[in-house]
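Please look over the structure shown below. A short briefing on selected parts of it comes after.

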Amino acid sequence: MAKRLVPLLNRVLVEKIVPPSKTNAGILLPEKSTKLNSGRVTAVGPGIRDKEGKIIPVAVKEGDTVLLPEYGGTEVKLGDKEYHLFRDDDILGTLHD
Amino acid sequence: MAKRLVPLLNRVLVEKIVPPSKTNAGILLPEKSTKLNSGRVTAVGPGIRDKEGKIIPVAVKEGDTVLLPEYGGTEVKLGDKEYHLFRDDDILGTLHD
Amino acid sequence: MAKRLVPLLNRVLVEKIVPPSKTNAGILLPEKSTKLNSGRVTAVGPGIRDKEGKIIPVAVKEGDTVLLPEYGGTEVKLGDKEYHLFRDDDILGTLHD
Amino acid sequence: MAKRLVPLLNRVLVEKIVPPSKTNAGILLPEKSTKLNSGRVTAVGPGIRDKEGKIIPVAVKEGDTVLLPEYGGTEVKLGDKEYHLFRDDDILGTLHD
Amino acid sequence: MAKRLVPLLNRVLVEKIVPPSKTNAGILLPEKSTKLNSGRVTAVGPGIRDKEGKIIPVAVKEGDTVLLPEYGGTEVKLGDKEYHLFRDDDILGTLHD
Amino acid sequence: MAKRLVPLLNRVLVEKIVPPSKTNAGILLPEKSTKLNSGRVTAVGPGIRDKEGKIIPVAVKEGDTVLLPEYGGTEVKLGDKEYHLFRDDDILGTLHD
Amino acid sequence: MAKRLVPLLNRVLVEKIVPPSKTNAGILLPEKSTKLNSGRVTAVGPGIRDKEGKIIPVAVKEGDTVLLPEYGGTEVKLGDKEYHLFRDDDILGTLHD
């Protein structure tokens, strides 16, 4: 039942990152301070075509950590895991340490 | 009365896959865990034209297993069987084992 | 009063096919199983122009049996007969035996 | 006060045809059977420009009998007579005997 | 305080023509028969640019008598006089004796 | 705290002209007759790009007196003064004595 | 947990400037007079592509002080700090002393 999804067009499959609700030292964090709507890119589509038929590559790549919009995206369940599909132009940016 | 449908433009005829509600071993599965809105592509149109009149081929092909959006698509009954028609850019991705 | 209509642009004149409500053998069919929203193409327009002024031919031709969308189309009465006008990109596909 | 109107762009000036409510033999016709929303083209504009600035000629010409959409069009009174203005792409087709 | 207005883009400055409410012979006209929403063009803009940057000249010129849409247009007061500004593609046609 | 604003794209910074509510001779003017929604252009952006990437210059220039639409525009306070930002295609025309 | 965000497309990361609520001399300012919705640009995306696939550079750059629209933008929390993401064409202008 667990399948691999290859997104179409400029869609991006993202696994959301659930932030830890306590610090490493075990102190409980207030909910607000930990909320960053981010995810890891699991798969990307081939991109959409521009007006002249050329493929525009997707703006993120597999493995990227991305900042996601608060709303939108399509929930997808593959095997046990929950993912979200976004159009690449809905993804806000990439996150780096 | 059973006819064969050839979709127009970038439309895709899909037969939805009804997930088994119990495992092979006969254990009833809770409804949530089995829900994956997928289907098998039965027929595809020739594609739509871009601004310069060139045909953009449809992004999926006959026999593909596809992930479908939760809403949308047009129900079509051909003979005894129920199908759904989608525009290829509404199909979320292809599913692979 | 009965006139011939030549559709403009990419419009398609369709005569809806009323499905028989009993089989050839005279058995009454349950309403659901016979419902297929189809029609026969009676006349087609010359097509619309693309961005560069070239005519895009209409996707169906006179005599085609077509699958129609559930809603839309303009009812037209010519002489005794009722027809419907559709834009060719609203027609879902062609039906073949 | 009666003036001649030269439509702009792709507008078409149409004089609606009021169908006779009895046959030549004087038999009253039921209202439904005579209703065909048609008109005679009185004047047409020069056409609109495509993306490259070239004029697209209007799809109907003076003297054509046309099938009109049920809604839309702008009522215009010139002298004693009532006319309607339509964009040529709202006109459904031309009618021929 | 009375200023001259030079419209921008494809805007057209129009002075509405108030139809006489009696004939030259002094007979009062019923309100309906005189109503024609027309005006005299007082000034026109330079036109808008098409997709390739070329100016599309405005479809009417100073001095034209034009048929106006029933709604729309922006009321402008210059000195004592009231004018209306329209986009040239909202003007329905030109009127000629 | 008083800063100079350089508008982006085709935006135009306008200082509204408050019409005098009495004539030079001191006679109070009825409110309606003085109302002309005009302003002085204080700064203009570099313009937006057309489909081919070329900059379209802004249709008004610094120092122009302009006729403004009744609604729209963004209020901006710079130092003590109030200004409004408009897209150049929302400005109705230029005013000249 | 504090990450660096690289915006995608034509997005701009902005840190809002909170105006002082008293003057240097310690006099409390009435709320209205200090309100200027400005921010400092912290990071910009690579820009979006035009119809021919060429990248249009973002209209502002890191370090610019910008005037922001009253509504819109996406709140983003990175580490302890709050930022806002805007599309570059929503930013009204740049502010200079």
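The model is predicted. Chain B and chain A bury about 1800 Å² between them. Strands of chain G pair in the antiparallel sense. C:Ile91 of chain C is buried.

**Interface of chain B and chain A**

- Of the buried area, about 1800 Å² in total, 61% is on carbon and sulfur atoms.
- Chain B gives 23 residues to the contact, and chain A gives 19 residues.
- One salt bridge is counted between chain B and chain A. B:Asp97 forms a salt bridge with A:Lys3, with the closest N and O atoms 3.6 Å apart.
- On the side of chain B that touches chain A, the elements giving two or more residues are α1 (31-34), β6 (65-67) and β9 (93-96) of chain B.
- The largest share of that side comes from β9(B), with four residues.
- By type, the residues on that side of chain B are nine nonpolar, six polar and eight charged.

**Strand pairing across the interface**

- Strand β1 (residues 4-7) of chain A pairs with β9(B) in the antiparallel sense, over four bridges.
- A:Arg4 has B:His96 as its bridge partner in β9(B).

**Strands of chain G**

- In chain G, strand β2 (residues 11-16) and strand β8 (residues 81-87) run antiparallel, joined by four bridges. G:Leu13 has G:Leu85 as its bridge partner in β8(G).
- Strand β7 (residues 74-78) of chain G also runs antiparallel to β8(G), with five bridges joining them. Here the bridge partner of G:Leu78 in β8(G) is G:Lys81.
- The hairpin of β7(G) and β8(G) has two residues between the strands. G:Gly79 takes a positive phi near 60° in this hairpin.

- C:Ile91 sits in the loop between β8 (81-87) and β9 (93-96) of chain C.
- Why does C:Ile91 count as buried? Its relative accessible area is 0%, and the cut-off for buried is under 20%.
- C:Val60 is 31 residues from C:Ile91 along the chain, and their C-alpha atoms are separated by 8.7 Å.

How values were computed
Residues are numbered from 1 along each chain as its sequence is written. Chains are lettered from A and ligands numbered from 1 in the order in which they are written. This is a predicted model: local features need pLDDT of at least 70, side-chain atom pairs count only at pLDDT 80 or more; totals for chains, interfaces and linings use all residues. Side-chain values use heavy atoms; hydrogens and water are left out. Buried means under 20% relative accessible area, exposed over 50%, partly exposed in between (1.4 Å probe, protein chains only). Contact means heavy atoms within 4.5 Å. Buried area is the accessible area (1.4 Å probe) that two parts lose on being put together, summed over both. A salt bridge is a side-chain nitrogen of Lys or Arg within 4 Å of a carboxyl oxygen of Asp or Glu. Ala, Val, Leu, Ile, Met, Phe, Trp, Tyr, Cys and Pro count as nonpolar, Asp, Glu, Lys and Arg as charged, and the others, Gly among them, as polar. Two strands pair if DSSP finds at least two bridges between them.
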